[in-house]
Amino acid sequence: MAQVLLLTHTPNPEQYIAAAAKLCYSASDIPTLLDNLTPEKTEAFLQRLTDLGHQSPIEHVTFTFGIEGVSRSLLAQITRHRIASFSVQSQRYVKEQNMQYVTPPQIAQDEEAARLYEQAMQQAVDSYHKLADLLEEKHYAKFLAEGMSEKAAHSAAEKKAIEDARFVLPNACETKMIVTMNARSLMNFFHLRCCERAQWEIRDVATQMLRLVKEVSPTLFRNAGPGCVSGPCPEGKMCCGKTAQVREYFRGL
């Protein structure tokens, strides 16, 4: 299953957000912005931002996460959040020597479904290695004929081979990534991906991320979570019907 680490973040994130807000609403000079910003005043500034719906100051702080044990299916979803930075382990440069894959809980809980799923994964792995070996042999001969040394030809042939062999790998294939978002993008991410209607894997990752940022910035992320935490459920007729339980869970996260 997914493992999420908070690798780094802007130091004293809430204080720097408060300083940005202070600049907007006072005659303070830049060198003195942090002067007298006590925890109480910092919290008051953050509350004022929330009350006014003024979100631009929270863009000044960022949080960087390490995420592993997730599927390529999740990768397709999380990269839709475009105000973020992503570094992802490449299947073009990294050979899948022993492919790990994510199994959806509903499949794992059904004996017959799990058997079929594992069979499909094994077939994909076998096809990948057969294609990689076949293509590598072909490219190796070509590169030798072009005058490459054996070592260089082998390295180039392997890379060229897995570049195409990866096409048979499934969405279930595990990947890992480093993701950086500013706080405003994170709020939007949590709003959408912590929701009960979000796909189970990205909901789990989003919830882990929220738990981690709440530890370092509890005031900022006090009302973060799915849309129903800070207001009425935005899903309308598609509401999960568990608004009270969801609110209680995320407020106690």
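The questions below take the terms one at a time.

Q: How do you know what kind of model this is, and how its residues are counted?
A: This is a predicted model, where local features need pLDDT of at least 70 and side-chain atom pairs count only at pLDDT 80 or more, while totals for chains, interfaces and linings use all residues. Residues are numbered from 1 along each chain as its sequence is written, and side-chain values use heavy atoms, with hydrogens and water left out.

Q: What makes a space a pocket or a cavity, and what makes a residue part of its lining?
A: Picture a 1 Å grid over the protein atoms alone: a cavity is a set of points where a 1.4 Å probe fits but cannot get out, and a pocket is an open set with protein on both sides within 12 Å along at least five of seven lines. A lining residue has an atom within 4 Å of a point. The volume is the space filled by probe spheres set on the points, which are joined across faces, edges and corners.

Q: Which residues lie closest to the centre of the largest pocket?
A: The largest pocket holds about 500 Å³ of space. Of its 21 lining residues, T50, Q55, M187, L220 and N223 are the closest to the centre.

Q: What classes of residue make up the lining of the largest pocket?
A: Ala, Val, Leu, Ile, Met, Phe, Trp, Tyr, Cys and Pro count as nonpolar, Asp, Glu, Lys and Arg as charged, and the others, Gly among them, as polar. On that basis, the lining has eight nonpolar, eleven polar and two charged residues.

Q: Which element gives the most to the lining of the second largest pocket?
A: That is β4, with three residues. The second largest pocket has a volume of about 200 Å³, and Q89, E96, E174, T175 and K176 lie nearest its centre among 15 lining residues. By class, the lining divides into two nonpolar, seven polar and six charged residues.

Q: How many cavities of 30 Å³ or more does the search find?
A: The search of the whole structure finds one. The largest cavity contains about 90 Å³ of space. Its lining has 14 residues, with C195, E196, C228, C233 and C240 nearest the centre. Both α9 (227–230) and α10 (243–251) give two or more residues to that lining.

Q: Why is α7 called oblique to α8?
A: The two helices pack at an angle of about 135 degrees, with their axes 9 Å apart. Angles under 35 degrees count as roughly parallel, over 145 as roughly antiparallel, 65 to 115 as roughly perpendicular and the rest as oblique, so α7 is oblique to α8. The contact (heavy atoms within 4.5 Å) is made by L186, F189, F190 and R193 of α7 and I202, R203, A206, M209, L210 and V213 of α8.

Q: Why is α5 called oblique to α6?
A: Helix α5 (residues 111–145) and helix α6 (residues 150–165) pack at about 140 degrees, with axes 7 Å apart. Therefore α5 is oblique to α6. By class, their contact has 13 nonpolar, two polar and five charged residues.

Conventions: Helix = DSSP H or I, 4+ residues; strand = E, 2+ residues; numbered from the N terminus. Axes fitted to C-alpha atoms, helices over the stretch in contact; angles between N-to-C directions.
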